[in-house]
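Subject: The two-chain model

Hi,

Here is the model I promised to pass on. Have a look at it first, and then read my notes below.

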Amino acid sequence: MAAPVSPAAVLAGTLAGTQEQGGFTPPPATPARRRARRRNFYSALLFLSPWIVGFLIFTLWPILYSAYLSLTDYDVINAPTFTGLDNYVELTQDPKIALALANSIFYTVIQVPLHIGVALALALLLNRIGQASGFFRTVFFLPNMTPPVAVGVLFLLVFNGQNGFVNLVLGWFGVAGPAWTTDPNWVKPGLILMSLWQVGASVVILLAALQSVPKELLESARLDGAGFWRQTRSVTVPLISPALFFLVIINTIAGFNNFTEAYTAFFGSGNSTYSNDAALFYVIYLFQQGFEFLHMGYASAMAWLLFLIVLAVTAVQMIVSRRLVFYEGGTQ
Amino acid sequence: MAKRKVRWSILAVVGALALASCATGSSTTTDDNISYDPDAKLSGDLSIMGFGASDEVAATRLERTEEMLGADVKVSLVEGDLDIQQFLSAVAAGDPPELVYADRAQIGSFAARGAIIPLDKCISGENIDTEQYRDPAIDQVTFNDSIYGIPEFNQVEVTMANTSLLEAAGVTLDDVNGSDWAAMSDANQKLAVSDGGVAVIGVDPKLPEFLPLWAAGNGGALLSDDGKTAQLADPAVVEALEFGVGLYDAQGGFAAVKAFRDSADFFGAGNQFATNTLGAMPMEQWYINVLNDVSPDATISFDTVRDTQGKPLAFAGGSAWAIPAGSDNPAAACRFARTMTEVDAWLAAAQARIDIRTEEGKPFTGILTGNETADEQVRALVQPTGSAQWDSAIEAMYEANDNTFTLPPNPADAEFETIWQDAVNRVLNGQDTAQAALEDASDKAQEALDKAWADIENKG
């Protein structure tokens, strides 16, 4: 019996018009078969065309156009004026770029491991409580339904240095909490802690991965005398490492793109008095340049710099992952 | 064949992208061919961006204006604050609204980029009497000697102080109105209460947003009158910032005061005056109505903010009507702006508010229209409230309204404001001294101004 062929593989083979792809050997190309294949090609194009058109207009075109704009002086109203690499040179001379990048890197480096660590801990707990996990999974996911703007406002209330909930709880233990929202040294740590509010999506992903860990492997480890932590470290974590790696990648990208909560809390309409350098993340500065100061060319250059940084970081993560991520059935 | 398909596909994509690029362009439309006539019968669509009939003052004037425009003019509103990106994109795409309602501080930037048209023809054609409008309001919408906006409303600051706390501390309203900084520092010390953290704020100078007010009170200005020279490092400005920061430092620092201020129920019955947790602060006049609504029995004293010579002053802001470049119906837009801001419109709006306030058993505290003649006539409708406290609030508000100043329009207004506010924040957070922060900010602001003004010259 022939091995099953996935629809995607068939489509890939058809679209490419090759004889070799798709994991099967097509019959000889007679004129009738060529006509049929061409019909298939056009049918596939027709069905894919809404996505293709959308991709071209709303994704590819803005990407290419922003690359062009990054080489211009453009204020939205008047036609762009070509300025060569001036915007990129200016990036190297603007001290706020370094400040904003440092803020974003600090946030990402602390937030991503913390986020994944908390998500993993919660997922491990949920994985052990049996049927009740469904209820708690919903509870943990609910904050993800909260609009980020509301989270930004909530941050100011919960982390208020005078009578916010966090400092109230710290006070029960005799700890005088800091001025999270007004002391520049505590603004970023506060935002990082607040981001844990939305850890639910990662918990759901990790819980699904945990539930796919073969029970027999855990049972074997248990029979060999491994306790919970040893099982987790030596069996569970390696087996869910693809999910962990996925979370590292998407949370790193999200960390570099951190915007809404911090902008709402410190820079949004009516909150200009809150703004300070400690909360000036890279994308906030990009937004200010593009949409407040109308320096669209410069903002585009900033966007491309961020893209290159995220690309480089992701590439490094991919390389490192070869040694750390275990793909079941794979060679790594 | 496959190669041919690929070639045609690439050609199609490139063609589509090239066509799409045509969507970006510039709009140079003016009103050269439009005739404005106060008696002309108007028709057509009139879409307005940035304005909503959210209260009786707006709704009454809108209704009256729609009536006066006639049924042939179809008014539609894009409500909410003006979205700059949405507006400018619409202008760039050649499909702007017919009229926009903007913050007066934005007019300079819009005019510099050619997003709105000068209203000289509109003003003369519709016989708009610009002499009626308050000078600072007109100054704020005048760019390169042309008026680009029809102003309306005025926001001014008045000094608000907790009478009970003042008496208990043995200080007077004159000690906290800005006329004597030494007395104000002393009063701040006496009014402030600490219980480990901040328990009562003494004097809140409301930095960074009110730095222009304190600087003006000290005889300084953040920007030259022509809008071209940053004066942030002016000794009067530096001294004003040092004074304001000193008030916070004497109470445990800005971080502590701000956290305490943010924890207050600002718009509710638990506000800082009702709960006796604030000695004094300068605040915009609309807060008088809030206080009167939510805590009418709180004991509050009102005065204008005063400069160090004892003269009243207020940093004014407000809104303006402007006609976008490429507006399809500038004649109706101009008539609309005129009708919304004329004296009779304000009187009708004032009467509507009086009716509502009377029904609610609350006093009418006046409206600051940005139109001097309308202000006088509306004020004549204000009746004694029966409370010396609230009467003094109204008195202070109108006195402040007669003594306003504003920042001149400039093509880099948003950048300029961000630069000086960032500098003030650095000082408030203890990251920099006032002198160093403002010198650095002045250099950056000057660079931004020079670039923006040069862009205007280069683009002709």
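A word on conventions: residues are numbered from 1 along each chain as its sequence is written, while chains are lettered from A and ligands numbered from 1 in the order in which they are written. This is a predicted model, where local features need pLDDT of at least 70, side-chain atom pairs count only at pLDDT 80 or more, and totals for chains, interfaces and linings use all residues.

**Chain A**

Confidence comes as pLDDT, the predictor's confidence in each residue, from 0 to 100. Chain A has a mean pLDDT of 87, with 89% of its residues at 70 or more. Please note residues 1-22 of chain A: pLDDT stays under 50 there, and the model has 24 contacts beyond four places in sequence for this stretch. (Two residues are in contact if their C-beta atoms, placed from the backbone, lie within 7 Å.)

The secondary structure of chain A comes to 15 helices and 2 strands. Helices (H or I, at least four residues) and strands (E, at least two) are DSSP runs, numbered from the N terminus. Domain bounds come from an automatic or database domain assignment, which gives chain A domain 1 (7-69) and domain 2 (94-324). The centres of these two domains of chain A, taken over C-alpha atoms, are separated by 38 Å.

Of the 332 residues in chain A, 29% are buried. A residue is buried if 20 or more other C-beta atoms lie within 10 Å of its own, exposed if 12 or fewer, and partly exposed in between, with C-beta atoms placed from the backbone.

**Chain B**

Chain B has 18 helices and 14 strands. Its radius of gyration is 25 Å, close to the 23 Å that the globule rule gives for 460 residues, so chain B is as compact as a globular protein of that length. (The radius is taken over C-alpha atoms, and the rule is 2.2 Å times the number of residues to the power 0.38.) Along the principal axes, the C-alpha atoms of chain B fill a box of roughly 90 × 55 × 45 Å. In chain B, 51% of the 460 residues count as buried.

Chain B is divided into domain 1 (30-155 + 318-349) and domain 2 (157-315 + 406-458). Their centres, over C-alpha atoms, are 32 Å apart.

**Where the chains meet**

In the contact between chains, 39 residues of chain B touch 30 residues of chain A. On the chain B side, helix H1 (2-21), helix H3 (84-92), helix H11 (254-262) and helix H17 (413-428) are the elements that give two or more residues. By class, this side of chain B has 17 nonpolar, 13 polar and 9 charged residues. Here Ala, Val, Leu, Ile, Met, Phe, Trp, Tyr, Cys and Pro count as nonpolar, Asp, Glu, Lys and Arg as charged, and the others, Gly among them, as polar.

**Strands in chain B**

Two strands pair if DSSP finds at least two bridges between them. An open sheet of 7 strands in chain B has the order E8-E9-E10-E7-E11-E12-E14, with mixed pairing. Its edge strands, each pairing on one side only, are E8 (193-194) and E14 (404-405) of chain B. Strand E7 (157-162) and strand E10 (278-284) of chain B pair in the antiparallel sense over 5 bridges, and B:Glu157 has B:Glu284 in E10(B) as its bridge partner.

Strand E3 (99-103) of chain B is mostly covered, with 4 of its 5 residues buried. Strand E1 (44-49) of chain B runs parallel to E3(B), joined by 2 bridges, and B:Ile48 stands opposite B:Leu99. Strand E13 (317-322) of chain B is antiparallel to E3(B), with 4 bridges, and B:Tyr101 stands opposite B:Trp321.

**One lysine**

Where is B:Lys206 found? B:Lys206 sits in the loop between strand E9 (198-203) and helix H9 (211-217) of chain B. With 18 C-beta neighbours inside 10 Å, B:Lys206 counts as partly exposed. Leaving aside neighbours within four places in sequence, B:Lys206 is in contact with B:Met281 and B:Pro282.

Best wishes
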